[in-house]
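User: I have a protein model here and would like to work through it step by step. Can we go by question and answer?

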Amino acid sequence: MKRAILSTVLCALLSASFAETLGVNLSEKPVTNGFADMGKLSYGKKIVTIDDKSYPNPIDKRKAFTKAIASGSPATIIVSGDIDLSDGKISDDDHSYFDKFDNGAHKRVHDDIVYPVSSNKTILGKDNARIMFGGLSFLTGKNLIIRNVTFWDAHGSTEYSTETKPESKASADALVIWDKQSPLPSNIWIDHCTFTDGKCVDMQRNFNHDGSIDICGGKNITISYCEFTNHDKVLLVASGEKFKEPEERQVTLHHNYFHNVTQRLPRSRGTQMHIYNNVYDDIGVPNNGGYMFGPGTGSMYIVENNYIGSHLAHIVSYFDKSEESDKSFSRFYESGNSVKIEEKDVKWDGAEKTRNFKAHFVQSKSEIPWKIPYKYEMEPFEDARQKAMNGEMGANQKIEINN
């Protein structure tokens, strides 16, 4: 626990010392160097400011924020300081709001705290912007951008008391994309954000948190220059085996810093996943060694020029239930990473039917059943690692906004 809190503090100090300046021109089309560039991505021309000066009362500030993100009008929402989604029900020192279970079925009394974001919204963080003690959801929207915001301790509880149902799981996510029923959301950019459980540490098992980001489905998604720390199940793409079509989930991960986390970096089913120039270090904890890449049924991975540092268990856990002859049989292409992934680096999950390293791990891009459709700038893994050490990944960057 001390290690996790110390890591969070050190990273905050590094970010403050080496923060870069993010230039945002609201009149220009954003360039993400990922799948989001394939869609119509733009900033909202209308500016809404949510800060402590305009809203000195924290509950009024939260209400103004959640009203702005749910509005039907395109907007750029500039946030500074803390947004407490729990309205004071939760704090770093008191999570008792989520410790209550009824006396009958022993089901939790309070549901997760989550607020929807509608289409054509940009959220830009200034002055250490934090979204705390709850989460956001992109359910059906298009053209959604979040930059330079810290997601802090999206706290919840297991569905049932673990004293009566030890296998019960938590469901609280900092950010969830798609509700599995509505049309797929698309054109999404998550950039220079930090995702952390704050001062809560449950990395051996997530009693209070589920995902940092859960992408049930979505097209044209780029996650870039983000920091993921102090968390167990970080990034899930598709939540069940029925989601096998890769074209329903198109995700680019680049220049993200995963450290002091456990697993799902990402875990996926049915996705076209491009992973380049990310930094992985300090992965796994005792009794939960974890893994980095978790491709499942229908997962098509291109993994390039990533830094793979210290880890307690395997680099890859494979979960594909397909036969090699199936259309949904997953493929994994890797090149230029700091560690050449070999068969010894792979753990075959119990569900894996074809435990054939050479069948899954293809040798050339020509064997991958999709081609990267966008332009991207890739660098050596050493350069990406240096950016992480310099605090250039994650929130708390300086930001300049121009019309």
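User: Start with the largest pocket. Which strand gives the most to its lining?

Analyst: Keep in mind that this is a predicted model. Strands S1 (21-25) and S10 (186-191) each supply at least two residues of the pocket lining. The top contribution is four residues, and it comes from strand S1.

User: Which residues lie nearest the centre of the largest pocket?

Analyst: The lining has 25 residues in total.

User: What is the volume of the largest pocket?

Analyst: Rolling a probe the size of a water molecule over the atoms shows where empty space is left. For the largest pocket, the volume comes to about 350 Å³.

User: Now the cavities. What volume does the largest cavity have?

Analyst: The search covers the whole structure and keeps cavities of 30 Å³ or more. Two are found. The largest has a volume of about 70 Å³.

User: Which residues lie nearest the centre of the largest cavity?

Analyst: This cavity is lined by 13 residues. By class, they divide into five nonpolar, five polar and three charged. Nearest the centre lie Ala 174, Thr 196, Asp 197, Ser 212 and His 231.

User: On to the strands. In which sense do S2 and S3 pair, parallel or antiparallel?

Analyst: Strand S2 covers residues 47-50, and strand S3 covers residues 75-84. Four bridges join them. Thr 49 stands opposite Ile 78 in S3. The sense of the pairing is parallel.

User: What is the handedness of the crossover from S2 to S3?

Analyst: Follow the chain. From S2 it passes through helix H2 (residues 58-70) and then reaches S3. That makes a β-α-β crossover, and its hand is right-handed.

User: Next, charged pairs. How many salt bridges does the count come to?

Analyst: Side chains of opposite charge can pair when their charged atoms come close. Here the cut-off is 4 Å, from a side-chain nitrogen of Lys or Arg to a carboxyl oxygen of Asp or Glu. By this rule the count is 13.

User: Asp 87 and Arg 62 meet in a salt bridge. How many residues apart are they?

Analyst: The N to O distance in this pair is 2.8 Å. Asp 87 sits in the loop between S3 and strand S4 (114-116), while Arg 62 is in helix H2. The pair links distant parts of the chain, and the separation is 25 residues.

User: Of that pair, why does Arg 62 count as buried?

Analyst: Buried means under 20% relative accessible area. Asp 87 has 22%, so Asp 87 is partly exposed. Arg 62 falls under the cut-off, because its value is 8%.

User: Which residues are linked in a network of salt bridges?

Analyst: Arg 108 counts as buried at 15% relative accessibility. Asp 112 counts as partly exposed at 21%. The network links Arg 108, Asp 111 and Asp 112.

User: Is Lys 344 buried or exposed?

Analyst: Lys 344 meets Asp 345 in a salt bridge of 3.3 Å, N to O. Asp 345 is buried, with a relative accessible area of 9%. Exposed means over 50%. Lys 344 has 61%, so Lys 344 is exposed.

User: Now the backbone. Which residue does a cis peptide bond join to Pro 266?

Analyst: Pro 266 is in the loop between strand S17 (257-263) and strand S18 (267-268). The omega angle of the cis bond is about 15 degrees. The partner is Leu 265.

User: What is the phi of Phe 133?

Analyst: Phe 133 lies in the loop between strand S5 (121-132) and strand S6 (135-138). Its relative accessible area is 4%, so Phe 133 is buried. Phe 133 is not a glycine, yet its phi is positive, at about 55 degrees.

User: Where is Asn 277?

Analyst: Asn 277 also has a positive phi, near 55 degrees, in a residue other than glycine. Asn 277 is buried, with a relative accessible area of 0%. Its place is the loop between strand S19 (271-276) and strand S20 (279-283).

Key. Residues are numbered from 1 along each chain as its sequence is written. This is a predicted model: local features need pLDDT of at least 70, side-chain atom pairs count only at pLDDT 80 or more; totals for chains, interfaces and linings use all residues. Side-chain values use heavy atoms; hydrogens and water are left out. Two strands pair if DSSP finds at least two bridges between them. A crossover is right-handed if, with the strands pointing away from the viewer, the path from the first strand over the helix to the second runs clockwise. On a 1 Å grid over the protein atoms alone, a cavity is a set of points where a 1.4 Å probe fits but cannot get out, and a pocket is an open set with protein on both sides within 12 Å along at least five of seven lines; lining residues have an atom within 4 Å of a point. Grid points are joined across faces, edges and corners, and a volume is the space filled by probe spheres set on the points. Buried means under 20% relative accessible area, exposed over 50%, partly exposed in between (1.4 Å probe, protein chains only). Ala, Val, Leu, Ile, Met, Phe, Trp, Tyr, Cys and Pro count as nonpolar, Asp, Glu, Lys and Arg as charged, and the others, Gly among them, as polar.
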